Amino acid sequence: MSTPRALRRLPLNIAATVTVVVCLFPVYWMVTTAFKPSRDIQSDSPQLLPQSWTLDHFRRAIDADGFALFWRNSVLVTLGAVALALIVALGASFAVARMRWRGRRQFMLMVFIAQMAPWESLIIPVYIISRDTGMLDRLPTLTLVYFMMTLPFTIVVLRGFIATIPAELEESAQVDGCTRVGAFRHIAFPLLAPGLMATSLFGYITAWNEFAYANFLIIKEQDHRTLPVWLSSFHNTFGTDWGATMAASTLFALPALAIFLLLQRHVTSGFAAGAVKG
């Protein structure tokens, strides 16, 4: 009985394996290139495994101008955008999931439309508004832009997650003397941890990796740029320093990878629970 079933699943397993390899190979190539000497990177016969290993590219990336400063800027902008999105989305998603009010469906429709809109198409309007209000070349401007980019998704996921929590739990707490806000804070909020982690990870990756707005809104104040813009500094008139670029890209990807590995179990359950109810 098990053999025919295994044969039926074989094409799916092969397809899954091919997908994983295709997705992970660029990451593998980036990491291994970061450890290869320059002569091996520019060789006519590239090797899957480095013949020799070096840390020179990492030293050059870390010693590059602005590494620590741009790292700090990215952390500040990312954490600020994620915190704002969580605070605003938590109230909005609770209002949509628990309350009945006129315009609730229209509100969610606008949230979905905002989620589907390509943010690249809004660069020029955002630039004009920032210029006319004197908000160019400022980190708070980037924080607000990333906050707006992550807010719709955060509302959608938290709304679905709150809808899976039985309202009777909060009603029981209210019967025992809690206010509506207190019942939510003591009963429902602790159960939202997976959903909060899932949305936080999405917001973190979105803000951490964003390049276009950081490049267009920070023009004169070079010290206010973020790490994605810093990565372009390894290209000069003599070409691209591929070793340093791959080393810098590896360093850039490490925080997101570490956070995902730490939160993987909660993130998976959070996305699954958030997709159960609409």
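1. Leu 90 belongs to helix H4; helices here are DSSP runs of H or I with at least four residues, strands are runs of E with at least two, and both are numbered from the N terminus.

2. A word on the source: this is a predicted model, in which local features need pLDDT of at least 70 and side-chain atom pairs count only at pLDDT 80 or more, while totals for chains, interfaces and linings use all residues. Residues are numbered from 1 along each chain as its sequence is written, and side-chain values use heavy atoms, leaving out hydrogens and water.

3. How confident is the predictor? The mean pLDDT (confidence in each residue, from 0 to 100) of the protein chain is 82, with 91% of residues reaching 70 or more. Over residues 274-278, though, the pLDDT is below 50, and this stretch has 8 contacts in the model beyond near neighbours in sequence. Contact means heavy atoms within 4.5 Å.

4. For the overall picture, the protein chain has 13 helices and 2 strands. Of its 278 residues, 40% are buried, and the C-alpha trace spans about 70 × 70 × 30 Å along its principal axes.

5. Back to Leu 90. Leaving aside neighbours within four places in sequence, Leu 90 is in contact with Ala 85, Leu 158, Phe 184, Phe 189, Leu 192 and Leu 196. From Asp 65, Leu 90 is 25 residues away in sequence and 39 Å away in space, C-alpha to C-alpha.

6. Where do H4 and H9 meet? Leu 90, Phe 94 and Arg 98 in H4 meet Arg 180, Phe 184 and Phe 189 in H9. The residues of this contact divide into 4 nonpolar, no polar and 2 charged. (Ala, Val, Leu, Ile, Met, Phe, Trp, Tyr, Cys and Pro count as nonpolar, Asp, Glu, Lys and Arg as charged, and the others, Gly among them, as polar.)

7. The axes of H4 and H9 come within 13 Å and cross at roughly 100°; they are lines fitted to C-alpha atoms over the stretch in contact, with angles from 0 to 180 degrees between N-to-C directions. The two helices are therefore roughly perpendicular, a label for 65 to 115 degrees (under 35 is roughly parallel, over 145 roughly antiparallel, the rest oblique).

8. In H9, the buried residues are Gly 182, Ala 183, Phe 184 and Ala 188. Their cover includes helices H4 (67-98), H7 (139-163) and H8 (167-175).

Technical notes: Buried < 20%, exposed > 50% of the residue type's maximum accessible area, 1.4 Å probe, protein only. pLDDT = per-residue confidence, 0-100.
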